[in-house]
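Thank you all for making time this morning. I would like to walk through one structure with you, going residue by residue where that helps, so please keep the view open while I talk.

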Amino acid sequence: MSSSPDASTIASLISDPSRAAILTALMDGRSHPAGDLAYAANIKPQTASFHLAKMLEANVVSLEKQGRHRYYRIENFEIAKALETLLALSPQPKVNSFKQVTENESLRFARTCYDHLAGKLGVKLMDALVDKRYIIEKSNDILITRHGEIFFESFGIRLDFVRKKRRSFVHKCLDWSERRHHIAGALGHELIERFFELQWIERMEKTRAIRITPAGRTGLNKLLSITL
């Protein structure tokens, strides 16, 4: 009898189309009620509750109760990272309507990947940081240069605080739409939060797509010479 973890348990959970749709909706990094997740997966609320109970039992999602309300989110970053990798390996769905085309283009341009920035904008951010020599790519790692430390601190990100978080400080994450890497980890999270704080980006309703504001286009261009 094998003493290794049983990967088939997680694989069977993700292989179900409805559960996969729920998990993809949760990749925005936020907590959602079962009703919203049922809508995202195009299933009945009772069916969504059944699937969520299965994933809760397997520690794939976590539950937070607020009074009579129950909110679900992905358990941790490691699960989100595994899901993003699977998305990068998965075939693209057939597009059958103008609405799907619009949603797909929005997701490809910019979206949340759990708690950091992904899509075309996320990859451009990574490229700009490398071009400015604020970070250096080394194998699967990202190294912060001295110039980079000065840059991040001046941008309002306290690196000493970020390094103390109980998770990876910074690493690469494979982008499923661009097929290249974007910046992830605690530093990636701090960057997207700073962009939200400055109102350079904003969330779009009922999707993990991100909209860049006019102030964001100007700010990113001045900050990192990113043109969109």
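This is a predicted model: local features need pLDDT of at least 70, side-chain atom pairs count only at pLDDT 80 or more; totals for chains, interfaces and linings use all residues.

Let me begin with Ser18, which counts as buried because its relative accessibility is 17%, and the cut-off for buried is under 20%. Ser18 sits in helix H2, which covers residues 17–25, and, leaving aside residues up to four places away in sequence, Ser18 touches Ala41, Ile43 and His51.

For contrast, please look at Gln46, which is found in helix H4, residues 45–57. Is Gln46 buried or exposed? With a relative accessible area of 60%, Gln46 is exposed. If you want a sense of distance, Gln46 and Ile79 are separated by 33 residues in sequence, and their C-alpha atoms lie 24 Å apart in space.

Next comes helix H7, which has 13 residues, 119–131, and which reaches 18 Å from its first C-alpha to its last, close to the 18 Å expected at 1.5 Å a residue. Several residues of H7 are buried, among them Leu121, Val123, Leu125, Met126 and Leu129, and the buried set also includes Gly119, Gly122 and Ala128. After H7 comes Arg133, which has a positive phi, near 65 degrees.

I turn now to charged pairs. How many salt bridges does a search of the whole structure find? The search finds eleven, and I will discuss some of them.

One is between the side chains of Arg163 and Glu149, with an N to O distance of 3.6 Å. This pair links distant parts of the chain, since Arg163 belongs to helix H9 (residues 159–163) and Glu149 to helix H8 (residues 146–154), 14 residues apart. Arg163 counts as partly exposed at 43% relative accessibility, and Glu149 also counts as partly exposed, at 22%.

Another salt bridge joins Asp160 to Arg158, where the closest N and O atoms are 3.6 Å apart. Here Asp160 is partly exposed, with a relative accessible area of 41%, whereas Arg158, at 51%, counts as exposed.

A further salt bridge is formed by the side chains of Glu190 and Lys165, at 2.6 Å from N to O. Glu190 lies in helix H10 (residues 185–197), while Lys165 lies in the loop between H9 and strand S8 (171–174), so this pair ties together parts that are 25 residues apart in sequence. Glu190 counts as buried at 18% relative accessibility, and Lys165, at 26%, counts as partly exposed.

Finally, the cysteines. The count of disulfides comes to zero. Why is Cys113 not in a disulfide, when a cysteine sulfur is 3.9 Å away? A disulfide here requires a pair of cysteine sulfur atoms within 2.5 Å, and the nearest cysteine sulfur to that of Cys113, belonging to Cys173, is 3.9 Å away.

Definitions and conventions. Residues are numbered from 1 along each chain as its sequence is written. Side-chain values use heavy atoms; hydrogens and water are left out. Helices (H or I, at least four residues) and strands (E, at least two) are DSSP runs, numbered from the N terminus. Buried means under 20% relative accessible area, exposed over 50%, partly exposed in between (1.4 Å probe, protein chains only). Contact means heavy atoms within 4.5 Å. The expected span of a helix is 1.5 Å times one less than its number of residues. A salt bridge is a side-chain nitrogen of Lys or Arg within 4 Å of a carboxyl oxygen of Asp or Glu.
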